[in-house]
Amino acid sequence: MTDIMDGIDILISEVGPRDGLQSVDSIMPTDAKKAWIKAEADAGVREIEVGSFVPPKLLPQLADTGEIVEYARTIPGLQVAALVPNFKGAENAIKAGAHKITLPLSVSETHSQANLRKTHAQVLEEVEKIVALIKTIPEGDKPHFEGGLSTAFGCTLEGHVSQSKVIEMAEKLVALGCDEVGLADTTGYANPVQVKELVIGIWAAVGRDKLTGIHLHNTRGQGLANVMAALDVGLDTLDSSLGGIGGCPFAPGASGNIITEDLVFLLDSMGLKTGIDLEKLLAVRSTLAEAIPKEALYGFTPDAGLPKGYVQMVNGGAGWGRGD
Ligand code: ZN
């Protein structure tokens, strides 16, 4: 398989079908999800987190995740990611054929107990079992296993979360055998200085190759500022969601994940290759609007359109106003 970073500078990982849909009330029909995923892949998105292997009782919005993973696997060149809350979920994700699985660990233990009903020790036990399971899989078929550090920048229950605690949990996840850790601003509390400090701190503890991506929210409007900090420090993978769907369960009315459309415009206009055709991406919004008409779609670029005469990098552009 070719390297997912071939020909691009930044990997955008679309998380809307998982993070977005899990936090809205509407249930998107399975066919609409497939059409959404296919259309984004056609627009050039290389990685999509397509669902979560949680019991359907808890999240009926994602009850079809197994089928969605199997479908997404048929799209050439697409890296199919899924969230797993525990060992059982990982087993199902692997059975369905996910290329990448992420188990979130809330650095705030109060949050972990409220959300997953598990202490840190219990979550780490699941991690250990998943690593052991992956060891039994033949080399070419092993999924990439990420330990997600959620509430890494603050928690709605505990408030402040110390950097040393985040680093300690990153060390534990790597020691247990996670291929990588991910940083998540689950609550939208992060600021750019904190992003840089935490990434540098984690790199110093576990090595630069063990942390490449960040999951940011725009709850307080800091999303793209935090992206700039992540780029400055040298991360190359960014999570976002089309239309910023999902909202924020802790702040009614606030937007949720950073918005894929605005993120692509930011990167493309700065001359950073994402491989994504923004015009095609913008067209995918109609799939969402039709399938879940009650949900708000966010985004400035979709409202304003591209600047006059704008040439995207996928069409040979070199960024906006650069190099001339
Ligand atoms: Zn999120």
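This is a predicted model: local features need pLDDT of at least 70, side-chain atom pairs count only at pLDDT 80 or more; totals for chains, interfaces and linings use all residues.
Residues are numbered from 1 along each chain as its sequence is written, and side-chain values use heavy atoms, with hydrogens and water left out. Local features need pLDDT of at least 70, side-chain atom pairs count only at pLDDT 80 or more, and totals for chains, interfaces and linings use all residues.

Q: Which protein donors does the zinc ion have?
A: Donors are N, O and S atoms within 2.8 Å of the metal (3.2 Å for Na, K and Ca), and because water is not among the atoms, sites may look incomplete. Here the protein donors are Asp19 (OD), His215 (NE2) and His217 (NE2), lying 1.8 to 2.0 Å from the zinc ion, and their spacing along the chain is D-x195-H-x1-H. Asp19 in helix α1 and His215 in strand β7 are 196 residues apart, where helices (H or I, at least four residues) and strands (E, at least two) are DSSP runs, numbered from the N terminus.

Q: Are Asp19 and His215 buried or exposed?
A: Buried means under 20% relative accessible area, exposed over 50%, and partly exposed in between (1.4 Å probe, protein chains only); both Asp19 and His215 are buried.

Q: How do the axes of α10 and α11 cross?
A: Two packed helices are described by the angle between their axes and the distance between the axes. Axes are lines fitted to C-alpha atoms, for helices over the stretch in contact (heavy atoms within 4.5 Å), and angles run from 0 to 180 degrees between N-to-C directions. The axes of α10 (residues 260–269) and α11 (residues 278–291) come within 10 Å and cross at roughly 170°. That makes α10 roughly antiparallel to α11, angles under 35 degrees counting as roughly parallel, over 145 as roughly antiparallel, 65 to 115 as roughly perpendicular and the rest as oblique.
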